[in-house]
Amino acid sequence: MNVEPANTAPLLEVRDLVKHFDISGGLLEQLTLQGGRMVRRRTLVRAINGVSLTIQPGETLSVVGESGCGKSTLARAVMGLYQPTAGQVRYGGERIDNLDSRAMMPFRRKMQMVFQDPYASLNPRMTVRQILEEPLRFHHPGHTEAEVRDKVAEVMRQVGVRPGWADNYPHEFSGGQRQRISIARALMVDPAFVVADEPIAALDVSIQAQILNLLMDAQDQRGLTYLFISHDLSVVRHISTRVAVMYLGCLCELAPADPLFEAPLHPYTQALLSAIPRLGGKASGHIRLTGDVPTPINLPPGCVFHGRCRQAAQRCREEVPALREHAPGRFVACHAVEEGRI
Amino acid sequence: MALLARLRESYLLHSFLRDPVAVGSFIVVVLLVTAGFLAPVLAPMNPYDPAQIDVMDSELAPAWIDQDSSFLLGTDSQGRDILSTILYGTRVSVLIGLGAVALQAALGIGIGLISGYAGGRVDAVLMRVADVQLSFSTYMVAIFLGAIFQATFGVGRYEQIAVPFLIAVIGLAEWPQYARTVRASVLAEKKKEYVEAARVIGLPSGRIMWRHILPNTMTPVMVISTVQVANAIMSEAALSFIGLGMPVTKPSLGSLIKSGFEYIFSGAWWITLFPGVVLVLLILTINLLGDWMRDFLNPKLYKS
């Protein structure tokens, strides 16, 4: 499982990605009086602030972090659902973040996505057959009726849903089955790269394992590459090749899964991992962070984590730390680690 | 066949059959509409054919009052059989009501979908247009256009194209109702993940709007459609009553009421009363059906 990222060409590359959302509303809501003058003021949510990472073919890169840290935004920006404010997304060396929908088409066949909520991600007015046939017919208009039917049956069998249920509507299935159908839809066009945005967060614990196994089986059979978004740390350790930790739209640490979980470097990763409940373990070693996550509207200067970090020094309050390779394959964005203070 | 079997087992039919008001309304609406459209077969005479009208028969009382009268509901001032004119008039009224709603729906659904899905400036412009449109009342628009139209083309020509004209006027005046309702539903639907999934597949916006979002916004559209049919029939009747709707030679229910209005105090009450009763019955039952449908489709009242 623990494969060191080889020095091959990355399948997907994210370069200095920035995504800001303008939530200031209409022109009238932007105008405020300041010192007797009308000032137009915009409110930006800085969801992602300069994230760079690469994903190697065949690996599972997990992105973890707490709610609102920008991990889902990252997933959607990679898929082209959000237009990045700045930065680049490259797939197989080609830049894809600035393509129009026609030029994007070949990449749509290679990149697919599995969504979080299986109750919202399937159109309630379409049968399972219609849902699964749509991507296939759209991308391969030349397929005959029989080929389409066979493909639907084959993929349904692969994800563990009886092909005989194809003419039922999504509301007739349980959450776990719906997520299987959602995965089947992503697999219909035989993609090479799948973004899974918290695919098990909305499921029962007993179903979570089944869906995880399904994702891992699909990876083995099809040689898939995953970008896996999650906040469930034990799941992430189980399935990931490498793990990226995000906090407030910034990448804190990026490292192979086992070293990261055994010896986290970044103070935030340390605190995050110390919060994993362990069977039979004592509550010792739990790092309790003080304060709240700052809002992404007013980002703190310097390192975004400095307000809650025990190691914060003057430099941390002023200078944004860059992501540097601390040990082979282990990237950390922390002044304290860089200076050897921890 | 499969559709019929599914309907028989559906909750829709079950709920419908358990509501006597809905069943009663449905029967009355179906009776009135079929009677209207079968008017050439059912009606004792053709009120559009001057050869069948005898002026000597004018203002005869209904059959149960005047034993000599051979007209069940009496005749109007021109000697036309009231029953026949009501049947033909119902057909005209229903036709205008359905036509106007079809036009409203086509315009309103299209504009609402684009407005909700595109958002931003497109949305702002389209919704301000809708606001402006709503600030003119239907009657004002219709009176204005009708007066211009009759003045330019003459009353004779107007009589020939009165039906499409009324459909266009009522349809154009009321589309914002649809546009606003559809836009609100689209705003709620487009945030759902199945729309993002469709975008990840790479489907063009038009197809996402039409095949994915629109079917999920149909519930409120069905409810306002029923109410709007009743409204359109009422608008047409009101316009006809003030003389800007259907001409007396091709009467709708509204113009029948108007044509008898002058004779009420001379004792010929039946000319106004019977078309009035039919109009009230038609609008009341359509509205009751709309009420039932709104309750049925409201998830908060579901199976209560």
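Because the model is predicted, local features need pLDDT of at least 70 and side-chain atom pairs count only at pLDDT 80 or more, whereas totals for chains, interfaces and linings use all residues. Residues are numbered from 1 along each chain as its sequence is written, and chains are lettered from A and ligands numbered from 1 in the order in which they are written.

**Chain B overall**

- The secondary structure of chain B amounts to 13 helices and zero strands, where helices (H or I, at least four residues) and strands (E, at least two) are DSSP runs numbered from the N terminus.
- The C-alpha atoms of chain B occupy a box of roughly 75 × 50 × 30 Å along the principal axes.
- Of the 304 residues in chain B, 43% are buried; a residue is buried if 20 or more other C-beta atoms lie within 10 Å of its own, exposed if 12 or fewer, and partly exposed in between, with C-beta atoms placed from the backbone.
- When contacts in chain B between residues at least 6 apart in sequence are considered, 69% join residues at least 24 apart, two residues being in contact if their C-beta atoms, placed from the backbone, lie within 7 Å.

**Where chain B meets chain A**

- On the two sides of the interface, 14 residues of chain B are in contact with 20 residues of chain A.
- The side of chain B that touches chain A draws the most from helix 9 (residues 193–201) of chain B, which gives seven residues.
- By class, that side of chain B has seven nonpolar, three polar and four charged residues; Ala, Val, Leu, Ile, Met, Phe, Trp, Tyr, Cys and Pro count as nonpolar, Asp, Glu, Lys and Arg as charged, and the others, Gly among them, as polar.

**Helix packing in chain B**

- Helix 12 (residues 253–261) and helix 13 (residues 270–297) of chain B have axes that come within 7 Å and cross at roughly 155 degrees; axes are lines fitted to C-alpha atoms, for helices over the stretch in contact, and angles run from 0 to 180 degrees between N-to-C directions.
- Helix 12 and helix 13 of chain B are therefore roughly antiparallel to each other, given that angles under 35 degrees count as roughly parallel, over 145 as roughly antiparallel, 65 to 115 as roughly perpendicular and the rest as oblique.
- Residues making this contact include B:Leu253, B:Leu256 and B:Phe261 of helix 12 of chain B, together with B:Ile271, B:Pro275 and B:Leu279 of helix 13 of chain B.
- The contact of helix 12 with helix 13 of chain B comprises eight nonpolar, four polar and no charged residues.
- B:Ala238, in helix 11 (residues 218–241) of chain B, is partly exposed, with 16 other C-beta atoms within 10 Å.
- Leaving aside residues up to four places away in sequence, B:Ala238 touches B:Tyr139 and B:Gly254, while its C-alpha atom is separated by 9.9 Å from that of B:Ile257, 19 residues apart along the chain.

**Helices of chain A**

- Helix 4 (residues 128–139) and helix 6 (residues 175–187) of chain A pack at an angle of about 25 degrees with their axes 8 Å apart, which makes helix 4 of chain A roughly parallel to helix 6 of chain A.
- Their contact is formed by A:Val128, A:Ile131, A:Leu132 and A:Pro135 of helix 4 of chain A and by A:Ile181, A:Ala184 and A:Arg185 of helix 6 of chain A, and it has six nonpolar, no polar and one charged residues.
- Helix 2 (residues 71–78) of chain A is largely enclosed by the rest of the structure, because eight of its eight residues are buried, A:Lys71 and A:Arg76 among them.

**Strands and backbone of chain A**

- Four strands of chain A form an open sheet in the order 4-1-6-7 with antiparallel pairing, where two strands pair if DSSP finds at least two bridges between them.
- The edge strands, each pairing on one side only, are strand 4 (44–55) and strand 7 (94–95) of chain A.
- Strand 8 (residues 111–114) of chain A has A:Met111 and A:Met113 pointing one way and A:Gln112 and A:Val114 the other, and all are buried.
- Strand 8 of chain A pairs with strand 9 (residues 193–197) of chain A in the parallel sense over four bridges, with A:Met111 opposite A:Phe193.
- A:Asp16 has a positive phi of about 45 degrees although it is not a glycine, and A:Asp16 lies in strand 1 (residues 12–22) of chain A.
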